[in-house]
Amino acid sequence: MNSRCASINKILPFSCVDGPGNRLAIFLQGCNLRCKNCHNPYTMGICDNCGDCIAPCPQQALSLQNGVINWNANSCEQCDTCIQQCPRQSSPMTLTYTVDELIAITRKYAAFINGITVSGGESTLQLPFLIDYFKAIKAAPDLQHLTCLIDSNGTLSLNGWQKIAPFMDGAMIDLKSWGEETHIYLTGRSNQRIKESIKWLSNHNLLTELRLLYIPEKTDYLENIEQLSHFINSLSKSVLVRINAFHNYGVYGEAKNWYSAKEDDVKQLKEKLIDRGITSIKNSLIDLYNK
């Protein structure tokens, strides 16, 4: 029995936008970036049970029991009042699952999916849980056909990637800008470790997808197209580059006033990459994950 636990924000039984095929998508709570363009800011923080969300809840679906926030899913109407109230960009509507409980859920859908994608937030912040979960899948005869992917911001250390590599099938990594200064402005952190992760994963045939999120007047891909192209060309030729388009609906703070990317914006970046020998590219104006 494996009782290691993780804080999980949401589980989607069937998703076609979180990796190849039909996938079970698991969104873990907590993130170490603070992206201005995040569409899921309530997945950033970990609830500290302060209780600020209890009184404002119109359905009285929240209570404090033994110093811990208790969420009554049956009373909740998903109005998100609690999320808007939270000073930590967290959500009290998370659940704690053990590895065994998550394996039972996986087994329920195994016949109808191609694999599992763990996302967030930033799923690798709960790395010991991920390792045990993936290890259990690979050890189960009825689940071994499922691919195990990680959707990550790439900030995990190389030591961390080395630990989970034997049990994962790949990772999808966001490179949110090329330049250091721009990345710090957009996310609050450096992108040096992210670039190291991308290179390491590619060298070990574990980089499933490199994602570029185009934000007009904010991202710096075009200004650094030569360096960016050289970097991408140094990766394995099997790596898929996906260009996602930023849209400002659903975001918070100053990003609400940013311009949404248009088809021509994405097309321009794609064409410049193709001109520099990068041909394995997909672009999307619909599959948006501005995390």
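**Entry 1: the surface and the ground rules**

I began with accessible areas, which come from the Shrake-Rupley method with a 1.4 Å probe, and for single residues only the protein chains shown count as cover. By that method, the protein exposes about 13400 Å², and carbon and sulfur atoms supply 49% of it. I noted that this is a predicted model, where local features need pLDDT of at least 70 and side-chain atom pairs count only at pLDDT 80 or more, while totals for chains, interfaces and linings use all residues. I also noted that residues are numbered from 1 along each chain as its sequence is written, and that side-chain values use heavy atoms, with hydrogens and water left out.

**Entry 2: the overall build**

I looked up the secondary structure and found eight helices and eleven strands. Here helices (H or I, at least four residues) and strands (E, at least two) are DSSP runs, numbered from the N terminus. The radius of gyration is 19 Å, close to the 19 Å that the globule rule gives for 291 residues, so the protein is as compact as a globular protein of that length. The C-alpha trace spans about 60 × 50 × 30 Å along the principal axes.

I then asked what share of the 291 residues is buried. Buried residues make up 52% of them. The word means under 20% relative accessible area, with exposed over 50% and partly exposed in between (1.4 Å probe, protein chains only).

Next came contacts, meaning heavy atoms within 4.5 Å. Among contacts between residues at least 6 apart in sequence, 67% join residues at least 24 apart.

**Entry 3: the nonpolar cores**

A nonpolar core is a set of buried Ala, Val, Leu, Ile, Met, Phe, Trp, Tyr and Cys residues joined through side-chain atoms within 4.5 Å. I found that the largest one has 60 residues, and that Tyr 133, Trp 161 and Leu 273 have the most contacts inside it. Helix H3 (residues 127-139) gives this core its largest share, seven residues. There is also a second, separate core of eleven residues, with Ala 61, Leu 62, Ile 69 and Cys 82 among them.

Leaving out residues up to four places away in sequence, its contacts include Thr 124, Ile 150, Met 168, Trp 200 and Leu 201.

**Entry 4: the rings**

How many aromatic pairs does the structure hold? I found six. One of them joins Tyr 133 and Phe 134, tilted, with 5.9 Å centre to centre and 40 degrees between the planes. My note on the term: rings of Phe, Tyr and Trp (its six-membered ring) pair if their centres lie within 6.5 Å, and planes under 30 degrees apart count as stacked, over 60 as edge-to-face and the rest as tilted. Tyr 133 and Phe 134 are both buried, and together with Phe 129 they form one aromatic cluster.

I also checked for charges over rings, where NZ of Lys or CZ of Arg must be within 6 Å of the ring centre and within 35 degrees of the ring normal. Lys 10 lies over the face of Phe 27, at 5.1 Å from the ring centre. Lys 195 lies over the face of Trp 178, at 3.6 Å from the ring centre.

Most residues other than glycine have a negative phi, and most peptide bonds are trans. With that in mind, I noted a cis peptide bond between Gly 120 and Gly 121, with omega about 15 degrees. Gly 121 is in the loop between strand S6 (115-119) and H3.

Asn 66 has a positive phi of about 55 degrees. I found Asn 66 in the loop between strand S3 (62-65) and strand S4 (68-71), and its 84% relative accessibility makes it exposed. Glu 217 has a positive phi of about 70 degrees, and lies in the loop between strand S9 (207-214) and helix H7 (225-233). At 66% relative accessibility, Glu 217 is exposed.

**Entry 5: Pro 92**

Beyond its neighbours within four places in sequence, Pro 92 is in contact with Cys 53, Leu 62, Ile 69, Trp 71 and Cys 82.

Key
The radius of gyration is taken over C-alpha atoms; the globule rule is 2.2 Å times the number of residues to the power 0.38.
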